[in-house]
Amino acid sequence: MMDSLFPPENFSLLALIVAFPLLGAFVNGVWGQQLGKRAVRFMALTAVGLSFVASVITFLALAKLVEHDKGEHVKLAWTAWEWMHTTGGHGNTEIPIQLKLSVDALSGVMMLVITGVGFLIHLYATSYMEDDPAFWKFFAYLNLFVFAMLVLVLADNLPVLFIGWEGVGLCSYLLIGFWYQELPNAAAGKKAFIANRIGDFGLICGMFLLVHYTGALDWTGIANGSGSLVSTVDLQRVHVWPIGGGEFRDIGFLPLHLLQPHAGNITISAATAIALMLFLGCTGKSAQIPLYVWLPDAMAGPTPVSALIHAATMVTAGVYLVCRLSFVFVLSPFTMTVIAITGAATALLAATIALVQNDIKKVLAYSTVSQLGFMFIGVGVGAFTAGFFHVFTHAFFKACLFLGAGSVIHAMHARIHDGVQSQDVRNMGGLRKYMPLTYWTFFASTLAIAGCPFTSGFFSKDEILYRAFVDHTVNPFRIAAYSDGGHWAAPNWVAPAVFIVGLLAAVMTAFYMFRVMFLTFHGDFRGWTIGRASMISHSEVSGHGHGEHHEDLTKPGHAPHESPWQMTVPLIVLGTCAIFAGFLNAPIIKIGGKPWEPMGKWLDPVFEDAVKAVGFRQPGEWAASMEWPLAACGISAFVIGTGVAYWMYIAQAGRPAKSLAEAMPGLHKLLMDKWRIDELYEVTVLAMVDALADTFAVFDQSVVDGLLPRLSSLIVVGLGTVLRVFQNGVVHVYAAFMVVGLAATGWFFVAPHADATVTVSDNGDYVVQASPGMGYSYQWDTNGDGTPDEKTFGNTQQVKVHLDPGKSQTVRLEVQNAFGLHGAKEIPITRPSAPLEVGQL
Amino acid sequence: MSTHTTSTREDEGVTKFGTRELTLLALVALVAVVAARFVDASVPVILAAVVAALVPRKHGWDVRLPLAVITGLLVLFVLRAWPASSEDIDSAAAATTESPKLLSWLIGLPLAGAAFVLFLPRQSPQLVRNFTMLVMFATLALTIPLLNVTMGRGFHFNQDIPWLASLGIRYHVAIDGITLWLVMLTVFLQPVAAWVSFGSIQTRVKDWCFALLLLEGAMLGAFLSLDLFLFYVFWELMLIPMYVMIGVWGGANRIKSAIKFFLYTMFGSVLMLAAILYLAYTYARVSPTHLPSFDYFELSRLELPQHVQIWLFAAFALSFFIKVPMWPVHTWLPDAHTEAPTGGSIILAAVMLKMGTYGYLRFCMGLFPEAAGSQAATLAGVAVLGGIVYGALCAWKQDDVKRLIAYSSVAHLGYVMLGLFAATPASIEGAVLQMVNHGISTGALFLLFGVIYDRRHTRMADDFGGLAKPMPVYATLFVIATLASVGLPATNGFIGEFMVITGTFVSNHLGHVNGIQAVGAAIGVILGALYMLSVVQKMFFGPITKKENEHLEDINGREMVAVAPLLIMVFVIGLFPNIFLSRMKGAVARTEEALSSRLEVNVPPRYYEGPIRLLPRATESSPLPADLDQGASK
């Protein structure tokens, strides 16, 4: 029945999957205010819930199809309509761009995560946001986000993906600035949007390069055309210097030829250009160096938003894109290396910052950046399955961590009523007693992210580090097109370096996560007085904020309480997944001698194209023997990180941390200030753009708008001043001018004017015709030898000249007029060497 | 205090303007007529209309009904114009003959209306307003047959009669797939601009309506003329009402701005006139009849050597570049926009600037292909650097919101010009679509800014702040218009920019720098977000800093009705651009092929060398007048 209702080529259920959240967003956005909270909640949950149900049905249909066509890369697709077209490819053919959705193994998993985790977070938010006056708006935005995210993963071509890509960016912008009346929130939203736009610039560049080189923008078309992306022929490569492959010529005194490279033009393959540009897009969306700075600021949004958008789904879009276009990325070993190194550097940088932050959400934000770095290490070394698997597991444990943090903040906020104070771990402690469910789920997810053996994070992170180490060249692929040698290969130190950096980041991850957990849930509650006292002045001044219950803020309030079921149920589900999801891809566990990796098997057909394109080098025996030693490295990273955290914060109750900070105040300050990267950008890139804009604005006002009109008005005024002198109304001055004018006219008639026109006929006969004048007589020198044809002036008004092809001749004409005055002109005639085409001239 | 008085006056304005029933009636009748013809398509139309009627929360039927009608009509438009159903249209169009008088009616109706307005009593402004709206709606209704024709590559509704026969001046109007959308844009935006202006303009209403109608007729005439003399007449005619609009109903500095506007545009026009005359008399020298001609198709047969062509091209191009406006002759625009009343700003930005881009596409590229081709790379550099990048950065630094939108126009039109210079099918189609897009989204921005200007009478972004709280609906609509302007995918801006950028990269008219120009255009995408989001943040977010802003009235019914069609069109073009692209495709292909064929024949150095002469007539697409053909054979 499924087949007849939804054939694979016209699987209209996909339309429903995206339509439900859109409908929810529309209804809540337009009528939410009147509908009331119950209806809004119902609408939002139903929309995502139905979408989840439809996703499950789709996934099952897909699984059935996969079973049917074993080993093939199958997909279900649905075309809405032809959206637009562009031209490109070789020979500038028209490329139609369809509004088309499709789902395959990769996007199927993403789709389930988005709708599934999305539903749980929606449920959580119904309670978390209950007191917000803009409850309806929040759910409209959240539903809109789910819609955009689904479009992103279900898109069948890059422009449609771009709808989702920018759509999630928009929702992120709106939700970060959800409490827009605080200017920093709105500013954080703007920062996120603009950082993402820089990434989108890369995506647009990637798109036009793809249009030009492959003549397609849909996945199948790009895969088919990807052969032309690697070429050693100069013309089919992207010229980096000189830009576009031109040549520098001197302009006036500017010695531009010095810019011309001596050893030929610098070119890169189209694959490298495209992959680098697309990766720029990924760094924006997935918060990697250099564009990661927006994500920590994005924590200004409500916590469910941080969980859904800035941890579980949107930020992984970059990893998804690399996986999606894996067959393009593998063609560029250079880009793959860049991705791996960027991932490793980001993982370490973010982890160092997370070590010292006190804001619980900031720690989680930097840990997200760091974990995204791990994912990019994975896809960068060509382990797409491992990288994507980390996306999958990370969605569970990071969403759970954020929601757990939200639960804590919710409880703290009920006591403190201060956004900043209620997120500070220094005000928490001992919450295990008051919020047991939150504690246990948070603990489970912390174990997972720290890489405790047999939790989900262990399997996914371990696999990434393992692959980074055993694939010595970083890029495990051998490119057929370059088999003659001479292609770029990563230096040998890259792989071990990436591994070691990753391991270091893993140690730090275990440390900072357990630090946060110990500070939040263990020890004694430090919030009895801290924060409340600070609220006294606050509430007196503004008199705002939940002002109904006027508590005595000098006394310790009631104890923090566990959150309602809408919040704890998602926590329990996600926490369970955080522990057990890893078994979906656990190659270390062998069943019947074969590694147990259903997820890997499921995804293999997707990455087959990539493997096929470049030829996969099987890791040897050596690699297999490294499996357990490297796993031991991972486990020890967990043990060391956790152990140090336990020693510092439980055994020694935080004293070592304090003394360490005091021992190195500079470093500590630098870490607290996030390495001052924001400030660095402020004084470099931003200052440059700002200065440029200032210059332009001033230039526009003073030069373009000042000089141009003023100069022209000056000319007009000057001319007027000069001409005014003549218009003085004195008759004899006018008479004098008349005399001058008459004299000039007279002279014109008296002086002879020699002039002639040349006409040509096909056989090379040229006729030179002298212009007539009063009383003129003519003397010709046809052959141009200096002696006239006739001694005297005659009435011959025209002469004929015959020229052979390629010859030229000068005819001299002398004119005598009635006054006996002479005038002369030389007329050069050249016949082109090519035969004259009749009708062409 | 001032807010209070403002809002009361606003209220009075609304209640005084109580006779919208007449217009509504006309609209309903229009819907009924159209719906009766296409009954099969009525279900989604009615559905959309009902949803639209339910959307406004705090308004009565006086708002709900027009919204429903507008939405219904636009959905009907999408359904009927959808390319998939073009076969039905073909069969329908085959039966209906193209009336050669239709375009004359289209131009004549507003002009006649303008003349008629002169005889209406000044004392009853309501009558004048209603009459004006009626004429505009009638003009809009007249364009329906245009959409029922399969546009293809050629010209349609051709009307060509001798006017001043001895001088070779003819009355020649026709429409093709490119002008179709510019005409539609004009007739679509005029009622919107008029409707919104009736709220804020209370003095000299009769004169205002006269100017509006005259302007509409002149703009339509300029888009439709294929005789250069006729084109020039309309081109100049257009200038006068706009000059008056800025000068009479403008802001504090209006006189200076109006004169600046007039001088800049006039300067270009005069050069163009000289070039037109030269062309016409050159034609007389080489044509067998020895008569001058101003006909576009005749003049485009002229093959001119470099030293002649480059000067004529320069004269035409300068005139168009001033109108676009391109760097460095763009500075009249911010001044004109800031001082013009809201209605004037909308028309100026949305339609009049398109005269420049359209003129370049039709006349510069059509008459001087070699010059246009050889200068394209340099000019594209100006469009990217001076338009897209410079315009955007200047916009970012403006404190005056209207100036900011004006500079954003410079940036957006940079995309249009880049698309034209690149001259690939995709880039030209993108450029034409971007002309329409800019009209819609910038029109919406000016309209929406006019709403807050009417309440606060200041243009400085710093005077606002936190407006999202007192005016939530207004803020939402403004953000939607902003996103369209920024070019978010699924809004109209994206389609145009995307097609222009990809078209630029694959172009072979720009030499080896096409890559860097495409990248430069893509950078504009970042800068667009930078300046638009900055101003949105300044105006709407953060705490309310000024007391006057605390109790501002949210967007009212009249303004909502005015902005609704624009915002719906944002998504119509964003999601269904194929409606537009499929109709302009043929005409763009014709233009592009004409250009490339001339450029390919004469390579290198691309220019034709030799005496001026006439090319044979193109066999397709030039609807030549029968009597001219006879004249040539005599």
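User: How many residues of chain A are in contact with how many of chain B?
Analyst: Keep in mind that this is a predicted model. Counting contacts between the two chains, chain B contributes 49 residues, and the number from chain A is 49.

User: Which element gives the most to the side of chain A that touches chain B?
Analyst: The elements giving two or more residues there are H2(A), S1(A), H6(A), H7(A) and H28(A). By class, that side has 28 nonpolar, 13 polar and eight charged residues. The top contributor, with 16 residues, is H7(A).

User: What radius of gyration does chain A have, next to a compact globule of 841 residues?
Analyst: Chain A's C-alpha trace spans about 125 × 75 × 60 Å along its principal axes. A compact globule of 841 residues would come out near 28 Å, but chain A has 38 Å.

User: How far apart are the C-alpha centres of domain 1 and domain 2 of chain A?
Analyst: Domain 1 takes in 2-231, 269-539 and 555-672, while domain 2 covers 750-830. Their C-alpha centres are separated by 87 Å.

User: What is the distance between the end C-alpha atoms of H14 in chain B, and what should the helix span?
Analyst: H14(B) runs over residues 306-323, so at 1.5 Å a residue its 18 residues should span 26 Å. That agrees with the end-to-end C-alpha distance in the model, 25 Å.

User: Which helices do the buried residues of H14(B) pack against?
Analyst: The buried residues of H14(B) include B:Leu312, B:Phe313, B:Phe316 and B:Phe320. The buried set packs against three helices of chain B: H12 (254-286), H16 (342-367) and H17 (369-396).

Key:
Residues numbered from 1 in each chain as written. Chains lettered and ligands numbered in written order. Predicted model: local features only at pLDDT ≥ 70, side-chain atom pairs only at ≥ 80, totals over all residues. Domains from an automatic or database assignment. Helix = DSSP H or I, 4+ residues; strand = E, 2+ residues; numbered from the N terminus. Expected span 1.5 Å × (residues − 1). Buried ≥ 20, exposed ≤ 12 C-beta atoms within 10 Å, placed from the backbone. Contact = placed C-beta atoms within 7 Å. Nonpolar A, V, L, I, M, F, W, Y, C, P; charged D, E, K, R; others polar. Rg over C-alpha atoms; globule rule 2.2 N^0.38 Å.
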